Amino acid sequence: NKPMELREKVLTALEEIRPFLAADGGDISLIDIEDEKIVKVQLQGACAGCSVYQRDISSIGSQEGTNFF
């Protein structure tokens, strides 16, 4: 099932970046996947109010060899 495979990949990716966010007092959770293209997440804790969260997550994805956005 393609949507379930995508969901599992996204959840795996979130688990990979979670330690980086936790180091700064934050966390991340999956909200939704729309049209198998748009992943909506919610940042929590210290990351919820951070204005550079997208840049930080994208740079982590690049370091890990994964594209999150």
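View 1. Buried here means under 20% relative accessible area, exposed means over 50%, and partly exposed is in between, with a 1.4 Å probe and protein chains only. This is a predicted model, where local features need pLDDT of at least 70 and side-chain atom pairs count only at pLDDT 80 or more, while totals for chains, interfaces and linings use all residues. Residues are numbered from 1 along each chain as its sequence is written, and side-chain values use heavy atoms, leaving out hydrogens and water.

**View 2. The fold runs α-β-β-α along the sequence.** That gives two helices and two strands; helices (H or I, at least four residues) and strands (E, at least two) are DSSP runs, numbered from the N terminus.

**View 3. Lys 2, in helix 1.** Helix 1 covers residues 2–23. Lys 2 counts as exposed because its relative accessibility is 58%. Its C-alpha atom is separated by 8.8 Å from that of Glu 36, 34 residues apart along the chain.

**View 4. Glu 15, also part of helix 1.** With 48% relative accessibility, Glu 15 counts as partly exposed. The Glu 15 side chain makes a polar contact with the side chain of Arg 18 at 2.2 Å. A polar contact is a pair of N or O atoms within 3.5 Å; within protein, one must be able to donate a hydrogen and the other to accept it, and residues adjacent in sequence count only if both atoms are side-chain atoms. Looking along the chain, Ile 28 is 13 residues apart from Glu 15, and their C-alpha atoms are separated by 8.8 Å.
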